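Hi,

Here is the structure I promised to pass along. Have a look at it first, and then read on for what turned up.

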Amino acid sequence: MLDISRLSKAFPGQQKNEPDKLVLNQLSFQVMDGEFVSIVGPSGSGKSTLFEVIGGLQKPDEGDVYIKGVRTTGLRGQIAYMPQQPALLPWRTVSGNIELALTVNKMPKHKAKQMALEWLQRIGLDQYAKAYPYMLSGGMQQRVSFLRALLSPQPLMLLDEPFGALDALTRMEMQQWLLSIWEQNRRSVLFVTHSIEEALLLSDRIIVLSSRPAQIIEEIPVPFSRPRSNVLWTDQEFNALKGRIYAYMQQEKGAGKI
């Protein structure tokens with residue numbers, strides 16, 4: 001599905017004689033069809049820059065991006081994207097936000113309206129179809145935002161810390177909700193999170209990044225069967241993996257890189 005090959009990206013220094021700042025350093029990894037892969041790493045390690053390169057918003061200095069075997073380096077419109085904030089259009093209704101995402105991709109308006117209502121019913125928000133985003137809670141807005149990404153035709157979804165702004169209880173509820181919806185569709189997902197627990201709960205595989213310039217420390221397969229539940233948090237192997245990833249983060253901090 002996604003093939004990242006030797007990506008490097010640097011940004012010019014802010015001062016006149018300041019050297020360029022290398023953010024991504026020869027990153028290579030893959031996301032397979034139907035796989036849920038999470039990326040964890042210290043703040044400022046280049047996770048957002050990586051997403052911008054994959055989405056075509058930034059061009060790498062070296063390396064390439066391939067989606068379904070096609071080189072998409074520097075091309076936009078190749079992925080579905082869910083940002084940290086819902087970014088719903090405030091002047092459009094909940095249904096209208098979803099319909100717009102479908103009609104932009106050339107779906108007839110009547111079909112887009114029907115599909116939006118069908119999916120809002122499936123996620124339990126059909127009674128809010130004519131409401132405006134400000135009338136919804138943060139968790140509800142994120143459900144609509146995820147649904148908008150899910151219904152886009154692109155085969156790969158990039159989710160950038162989508163639950164980071166939610167309170168702890170709502171975040172746990174959204175994690176379970178995301179798992180239940182993803183299980184029905186099995187889209188390929190690349191997910192950025194600062195939460196080790198969240199990565200272990202959601203993922204098939206976790207990519208651990210170093211501090212900037214980002215390099216891959218390790219790729220960790222998540223061994224737990226699906227469907228998953230929050231009961232995993234008390235599992236001995238779950239906590240062992242959590243400790244292992246946390247140790248990597250501490251090593252980076254101890255080396256003075258964070």
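Let's start with a helix: which residues are buried in α1? They are Lys-47, Thr-49, Leu-50, Phe-51, Val-53 and Ile-54. That makes 6 of the 8 residues of α1 (residues 47-54), so this helix is mostly covered. Just past the end of α1, Gly-56 has a positive phi of about 85 degrees. Before you go further, please keep in mind that this is a predicted model.

Of the 11 residues in α2 (residues 94-104), 8 are buried, so the helix is largely enclosed by the rest of the structure. If you want to click through them, the buried ones are Val-94, Ser-95, Gly-96, Asn-97, Ile-98, Glu-99, Ala-101 and Leu-102. And what do the buried residues of α2 pack against? They pack against α3 (109-122) and α4 (138-150). Just after α2 there is a residue with a positive phi as well: Lys-106, at about 70 degrees.

Next, the strands. β3 (residues 36-40) is mostly covered, with 5 of its 5 residues buried. As a general point, side chains in a regular strand alternate between the two faces of the sheet. In β3, Phe-36, Ser-38 and Val-40 point one way, while Val-37 and Ile-39 point the other way, and all of them are buried. β3 also has parallel partners. It pairs with β8 (residues 188-192) over 4 bridges in the parallel sense, and in β8 the bridge partner of Ser-38 is Phe-191. Another 4 bridges join β3 to β9 (residues 205-209), again running parallel, and there Val-40 has Val-208 as its bridge partner.

There is also an open sheet of 4 strands, in the order β2-β1-β4-β5, with antiparallel pairing. Which strands stand at its edges? Those are β2 (21-31) and β5 (70-71), each with a single partner strand, so one side of each has no neighbour in the sheet. β5 is joined to β4 (residues 62-67) by 2 bridges, and the two run antiparallel. Tyr-66 is the residue opposite Arg-71 in β5.

Now for the inside. Nonpolar side chains tend to be buried together in soluble globular proteins. Here the largest nonpolar core has 52 residues, and the members that touch the most others are Phe-146 and Leu-178. Helix α5 (residues 168-185) gives the most to this core, with 6 residues. Leaving aside residues up to four places away in sequence, Leu-178 touches Phe-36, Phe-146, Leu-159, Phe-163, Phe-191 and Leu-202. A second, separate core has 25 residues, including Met-1, Phe-29, Ile-39 and Ile-79.

The structure holds 4 aromatic pairs. In one of them, the ring centres of Phe-146 and Trp-177 are 5.5 Å apart and the planes are at 80 degrees; anything over 60 counts as edge-to-face, so that is what this pair is. Phe-146 sits in helix α4 and Trp-177 in helix α5, 31 residues apart, so the pair links distant parts of the chain.

Phe-224 lies in the loop between β10 (216-221) and α7 (236-254), and Phe-238 lies in helix α7, so the pair ties together parts that are 14 residues apart in sequence. Phe-224 is buried with a relative accessible area of 10%, and Phe-238 is buried with 1%.

Two more things to find on screen. Phe-36, Trp-182 and Phe-191 form one aromatic cluster. And Arg-122 lies over the face of Trp-119, at 3.9 Å from the ring centre.

Cheers

Terms used
Residues are numbered from 1 along each chain as its sequence is written. Side-chain values use heavy atoms; hydrogens and water are left out. Buried means under 20% relative accessible area, exposed over 50%, partly exposed in between (1.4 Å probe, protein chains only). Contact means heavy atoms within 4.5 Å. A nonpolar core is a set of buried Ala, Val, Leu, Ile, Met, Phe, Trp, Tyr and Cys residues joined through side-chain atoms within 4.5 Å. Two strands pair if DSSP finds at least two bridges between them. Rings of Phe, Tyr and Trp (its six-membered ring) pair if their centres lie within 6.5 Å; planes under 30 degrees apart count as stacked, over 60 as edge-to-face and the rest as tilted. A charge sits over a ring if NZ of Lys or CZ of Arg is within 6 Å of the ring centre and within 35 degrees of the ring normal.
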